[in-house]
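Here are a few friendly notes on how the two parts of this protein meet. Please keep the structure open beside you as you read.

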Amino acid sequence: TLRKPISQSSMADWASKNLNMHTQGIFRRRISISNMLSWNGGSIKKPMLITSNRTIKKEACEMFKLVQSYMGDRQTRMDRNHVALVTVTKCWSMQGLRDELYIQLIRQTTDNTCYRSLAWGWELMAISLAFFSPSPKFQSYLEGYIYRHLDSDEKIAQHIKELVDLKNKKITKSRKKRKQNTEDEGLPISTYAKYCYRKLQKVAVTGGKKGLRKPTVEEITHARNAILTPSLFGSSLEEIMLRQQDMYPGNKLPWVQTQLSQQVLALGGEQTEGIFRIPGDIDEVNALKLQVDQWKIPNNLSDPNIPASLLKLWYRELEEPVIPQEFYKECINNYENPDAAVAVVQLLPELNRLVLCYLIHFLQIFAQPSNVGRTKMDVNNLAMVMAPNCLRCQSDDPRVIFENTRKEMSFLRMLIVHLDTSFIKGLV
């Protein structure tokens, strides 16, 4: 659901308070906000946003050149992948640069008369959102900017034409013209905007890439490809099944779910103390996620906590939870009633029912007394770590969230103990 973000007047107010107003000419006249937020072919001598951090001040000006290089507005010897990698790594490592990058991208994608440059600017924004979120105070501003481009392809084409006509009237023959390109080179801007909008909603909650390892070229490529080819993580179950139709047409369950589950068992997860409670190494989990998104399972895994952590992440990041939102109240109301809890499962859409039953069957293996003795993860512990990945409370009230957390755990516990999942054996 798209909630309407802040208005343009509120955005102008935000800009007037946070922009580091630039000057020009021998009299150092201040540049207007609209010019500050319009495409610029030259370099900048100070950051776009107010800051007292000297390192940020210096890095911001260098980063502007990188943004121009990625967009094709400045010549560079680096290929675009490496330009993106350097840019993203700077911001991933220095939190103070993140909002600066997003405001620079807003500037360079506003009143930009070259369609290819414009599209590449949006592409860099999409890639960046895969690694880090803007600060909470800047999020609503960025959200507002993206929102205005969700359905704006005709307006953009018309606006570029008007700007080009205006410049052509003003420009003299002796001055060098910037190469104009109003043809569609690549995707419509609305495609980037819709992807960025969804990505912003998610990264604002998850916080982007975690771990100690810096971003890699492979991750940059993966982030770019995800604009057109949705990831197996963060998509809906229907999208995932549609994607695997060519490779695994006979499968009734998501390949990613069955493969990661089998990996946990193959590595002796049901005999590993603290399985699902102790997280796997975050960098190893990220590396495995990259592989799984390319439909690969590496054969050199040794720690069951790594596929177990990624499996939990997959359930947690589904666009809609395994138990859809419309059934949430029924689950909460029947958290102590085994028959009613099992009955809810039968009401679910077929795909959700199969995915949930596969998960419960998987957890029932760990709930066996012979395994609990080794894992120290009894049915209560299993329900506690898995319930938040299957049910999502929509309330903002901490008291409601706290109370419902207990009921969510109890509901899942009912399913682990009472749901008959024998039919799922052998199903893929």
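Which side chain does glutamate 319 meet in a salt bridge?

1. The partner is arginine 198, with an N to O distance of 2.2 Å. A salt bridge here is a side-chain nitrogen of Lys or Arg within 4 Å of a carboxyl oxygen of Asp or Glu. By that rule, three salt bridges cross the interface of domain 1 and domain 2.

2. A word on the basis: this is a predicted model, where local features need pLDDT of at least 70 and side-chain atom pairs count only at pLDDT 80 or more, while totals for chains, interfaces and linings use all residues. Residues are numbered from 1 along each chain as its sequence is written, and side-chain values use heavy atoms, with hydrogens and water left out.

3. Domain 1 covers 8-167 + 188-228 and domain 2 covers 237-426, with bounds from an automatic or database domain assignment. Their centres, taken over C-alpha atoms, lie 37 Å apart.

4. At the interface, 11 residues of domain 1 are in contact with 10 residues of domain 2 (heavy atoms within 4.5 Å). The side of domain 1 that touches domain 2 has seven charged residues, three polar and one nonpolar (Asp, Glu, Lys and Arg count as charged; Ala, Val, Leu, Ile, Met, Phe, Trp, Tyr, Cys and Pro as nonpolar; the others, Gly among them, as polar).

5. About 850 Å² is buried between the domains, and carbon and sulfur atoms give 48% of it (accessible area, 1.4 Å probe, lost on putting the two parts together, summed over both). Within domain 1, Arg198, Arg213 and His222 lose the most area to domain 2, together 51% of what that side buries.
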